[in-house]
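Reader: Please take me through this model feature by feature, giving the general idea where there is one and then the particular case.

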Amino acid sequence: YPTVYVPICTYTYIYMTIIERLDQELKLIGEYGLKNKREIWRIQYLLAKIRSAARYLLTLDEKSPKRIFQGEALLRRMVRQGLLGENEEKLDYVLGLTLPKLLERRLQTKVFKLGLAKSVHHARCLIRQRHIRVGKQLVDIPSFLVRVDSEKHIDFAITSPFGGGRPGRVKRRNLRNPKEKKTEEEAENNE
Amino acid sequence: MVNGPPHFTESTVFPRESGKNCKVYTFSKDGTLFAWGNGEKVNIISVTNKGLLHSFDLPKAVCLEFSPKNTVLATWQPYTTSKDGTAGIPNLQLYDVKTGTWLKSFIQKKTQNWCPSWSEDETLCARNVNNEVHFFENNNFNTIASKLHLQKINDFVLSPGPQPYKVAVYVPGSKGAPSFVRLYQYPNFAGPHAALANKSFFKADKVTMLWNKKATAVLVIASTDVDKTGASYYGEQTLHYIATNGESAVVQLPKNGPIYDVVWNSSSTEFCAVYGFMPAKATIFNLKCDPVFDFGTGPRNAAYYSPHGHILVLAGFGNLRGQMEVWDVKNYKLISKPVASDSTYFAWCPDGEHILTATCAPRLRVNNGYKIWHYTGSILHKYDVPSNAELWQVSWQPFLDGIFPAKTITYQAVPSEVPNEEPKVATAYRPPALRNKPITNSKLHEEEPPQNMKSQSGNDKPLSKTALKNQRKHEAKKAAKQEARSDRSPDLAPTPAPQSTPRSTLSQSISGDPEIDKKIKNLKKKLKAIEQLKEQAATGKQLEKNQLEKIQKETALLQELEDLELGI
């Protein structure tokens with residue numbers, strides 16, 4: 001992709017060549033609640049590595065041991081990550097993988113899709129604020145790529161107030177200094 | 001009252017009572033008592049000795065419910081306040097059935113969840129009041145045995161089955177806090193670790209909780225009123241699984257879309273879910289929420305297990321045409337596909353063989369009536385209400401589990417006198433420009449066949465050399481056998497005597513049941529092998545021990561073969 005180091009008068013023309021890519025990237029950021037373009041480019045790089053591996057293997061002879069061994073390994077990894085379905089275990093399907101498919105596997109989107117959060121942005125907050133666990137392990141990385149067998153075990157953490165732990169700092173403070181403070185504040189506000 | 005199968009005559013014992021206000025009735029759980037309200041009184045009669053037991057003066061009773069052991073009858077009438085603004089009379093009344101006395105009355109303003117829930121042996125009865133659930137023990141409604149206090153508790157379900165009892169409670173979430181479902185064991189409600197299991201989720205406005213029969217797990221269908229992604233007008237549903245040992249999981253459904261129906265099977269080991277945008281998918285999951293069997297896609301939105309749990313009916317009622325699929329769940333085989341058009345109500349007969357489908361008002365006001373089917377797809381009895389009358393409610397008399405034994409499943413259609421009316425085949429509309437032209441096959445939806453009918457993936461792979469060789473060998477053998485058989489049939493003389501009996505039964509016995517055909521084939525194969533061994537023994541060859549045992553089994557096999565063929 002071209003980088004834009006040109007004198008000012010030609011900016012608009014360069015912009016016309018990259019406007020489509022910018023639109024697509026912005027859509028992905030909005031849909032998956034990403035922080036910046038770097039998060040997209042990171043996944044793009046990962047996808048590019050996978051695709052080039054599949055491309056190389058497809059050029060090899062069908063029966064060559066290298067193709068069989070590495071092909072099977074690649075397909076197994078893809079199925080385990082949830083990118084390929086059970087009946088799609090062929091190298092050609094690997095070439096058909098797209099960015100949205102990879103972005104769907106992030107913990108942030110999974111938390112939203114499973115109903116544990118109200119929106120993708122809420123999901124990112126919950127993850128970062130240590131409310132979500134995968135299995136028994138607390139995960140606070142929104143870009144954690146969830147495996148297929150871990151998908152079922154995404155739940156609120158045991159220590160989180162949403163998952164049965166003790167209430168959070170603010171609630172505890174309010175319970176400790178209850179209505180007296182509140183009425184004082186109201187009196188102040190009224191004055 | 002109508003007698004059930006096989007007679008279908010109107011019961012002469014219970015006279016028909018006609019009245020315009022007869023709006024509600026109920027059977028007791030074991031079918032021995034029957035109560036109905038006719039707009040003036042609520043009457044209870046005993047079905048076995050046909051006597052009127054009690055009569056209560058409740059003109060406005062709208063709902064009736066018996067307790068599981070028939071000790072208490074609960075009635076509800078709409079809550080009204082008197083004209084001067086003071087609180088109205090308590091409208092939920094409880095009566096003792098044996099003595100006919102009034103037990104207790106409560107004020108219950110909402111119709112939803114009006115009836116107090118009883119445990120199966122009636123030691124516990126629970127009611128949701130404001131922010132608490134009140135528990136009464138042993139039908140003593142004057143003292144509250146214990147309370148469960150949870151701020152804003154909305155719904156609760158008592159577990160079925162024996163003690164210890166568990167309660168599943170649902171609290172909707174406020175802003176920022178998620179809604180959750182918690183399981184408690186009675187009577188441990190206090191303390192931070194009292195809950196057996198807890199599941200929180202955000203996307204829920206309303207929740208349906210389904211206990212399984214053994215009370216080990218709850219399935220929670222959480223539904224929102226509004227779907228934020230705009231995919232469905234009816235909101236979004238998610239399915240959660242919570243077990244009493246603390247495990248909880250979200251059930252991953254392969255297809256997107258609403259969840260129409262979820263049912264536990266009677267042994268509490270599996271549950272069936274019907275989900276996805278039409279044509280909906282139906283899948284059976286095990287207790288780990290892994291799919292066990294997939295029924296493919298089809299026009300369906302409801303699932304019903306038979307009372308014994310070995311037959312599953314997938315049906316499409318409501319806005320669908322009424323296509324039903326009857327499946328044998330042990331072997332995952334399709335039994336029949338009847339169509340019950342315009343049905344609004346479906347119920348299995350307690351004997352596990354007959355099905356009742358009915359078209360009732362006020363959902364549908366035309367063509368009211370009911371049909372009784374056998375599960376193999378034949379209509380056994382039909383009753384249509386005359387055209388200006390309406391049918392409000394139809395139900396079977398319930399019986400306790402275990403009274404009807406579970407029978408083996410037949411696949412052949414039971415003969416019936418009522419002709420099965422063929423529903424009109426709807427032809428697709430073709431605009432004038434495209435009529436009378438060759439039909440191009442374009443489908444609206446991708447239809448997915450059930451798991452065991454999917455074509456093997458090896459079909460498109462070219463057969464390897466050895467596989468091709470084997471196939472050719474097999475075909476050559478078959479051709480040779482055909483020739484030998486046609487040669488042998490004219491000269492039956494050389495066949496020795498003991499071979500004649502199995503040979504005479506070689507004629508293809510065409511029974512409609514593929515299972516019995518298979519068994520007959522297997523038996524014949526075994527008998528042939530025994531004949532060969534006998535020939536070898538006759539020529540003097542030394543037989544092995546297992547070969548001798550096989551010969552000894554011949555008489556038993558012959559007997560079995562005869563039984564099967566007679567049974568056809």
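Author: Leaving aside its neighbours within four places in sequence, Asp351(B) is in contact (heavy atoms within 4.5 Å) with His308(B) and Phe404(B). This is a predicted model, in which local features need pLDDT of at least 70 and side-chain atom pairs count only at pLDDT 80 or more, whereas totals for chains, interfaces and linings use all residues. Residues are numbered from 1 along each chain as its sequence is written, chains are lettered from A and ligands numbered from 1 in the order in which they are written, and side-chain values use heavy atoms, with hydrogens and water left out.

Reader: Where is the place of Asp351(B) in chain B, and is Asp351(B) buried or exposed?

Author: Asp351(B) sits in the loop between E29 and strand E30 (354-359) of chain B, helices (H or I, at least four residues) and strands (E, at least two) being DSSP runs numbered from the N terminus. Asp351(B) counts as buried because its relative accessible area is 15%; buried means under 20%, exposed over 50% and partly exposed in between, with a 1.4 Å probe and protein chains only. Its side chain also makes a polar contact of 3.1 Å with the side chain of His354(B), that term meaning a pair of N or O atoms within 3.5 Å, where within protein one must be able to donate a hydrogen and the other to accept it, and residues adjacent in sequence count only if both atoms are side-chain atoms.

Reader: How should I read a strand, for instance E6(B), and which way do its residues point?

Author: In a regular strand, side chains alternate between the two faces of the sheet. In E6(B), Val72(B), Ala74(B) and Trp76(B) point one way while Leu73(B) and Thr75(B) point the other way, and all are buried. Strand E6 covers residues 72-76 of chain B, with 5 of its 5 residues buried.

Reader: Which strands are joined to E6(B) by bridges?

Author: Strands of a sheet pair through backbone hydrogen bonds, either parallel or antiparallel, and here two strands pair if DSSP finds at least two bridges between them. Strand E5 (residues 63-66) of chain B runs antiparallel to E6(B), with 4 bridges joining them, and Leu64(B) has Thr75(B) in E6(B) as its bridge partner. E5(B) and E6(B) form a hairpin with 5 residues between them, and Asn70(B) in that turn has a positive phi of about 65 degrees. Strand E7 (residues 92-96) of chain B is also antiparallel to E6(B), joined by 5 bridges, and Tyr95(B) in E7(B) stands opposite Leu73(B).

Reader: What is the order of the open sheet of 4 strands in chain B?

Author: The order is E21-E22-E23-E24 (chain B), with antiparallel pairing. Strand E21 (259-264) and E24 of chain B are the edge strands, each pairing on one side only. Within this sheet, strand E22 (residues 270-275) and strand E23 (residues 280-286) of chain B are joined by 6 bridges, and Val274(B) has Ala282(B) in E23(B) as its bridge partner.

Reader: What joins Met278(B) and Pro279(B), and where is the place of Pro279(B)?

Author: Most residues other than glycine have a negative phi, and most peptide bonds are trans. Met278(B) and Pro279(B) are joined by a cis peptide bond, with omega about -5 degrees, and Pro279(B) is located in the loop between E22 and E23 of chain B. Asp342(B), which is not a glycine, has a positive phi of about 60 degrees; it lies in the loop between strand E28 (333-336) and strand E29 (345-348) of chain B and counts as partly exposed at 43% relative accessibility. In chain A, Arg130(A) is likewise not a glycine and has a positive phi of about 65 degrees, and at 52% relative accessibility Arg130(A) counts as exposed.

Reader: Where is Asn301(B) found, and what lies 2.9 Å from a polar atom of its side chain?

Author: Asn301(B) is found in the loop between strand E24 (291-298) and strand E25 (302-305) of chain B, and it is buried, with a relative accessible area of 16%. The backbone oxygen of Phe317(B) lies 2.9 Å from a polar atom of its side chain. Setting aside neighbours within four places in sequence, the residues in contact with Asn301(B) include Tyr260(B), Val274(B), Met278(B) and Leu320(B).

Reader: How many residues does the contact take from chain A and from chain B?

Author: The contact takes 16 residues from chain A and 17 residues from chain B. The two chains bury about 1400 Å² between them, 53% of it on carbon and sulfur atoms, buried area being the accessible area (1.4 Å probe) that two parts lose on being put together, summed over both. On the side of chain A, Leu114(A), Lys152(A) and Phe162(A) lose the most area to chain B, together 40% of what that side buries.
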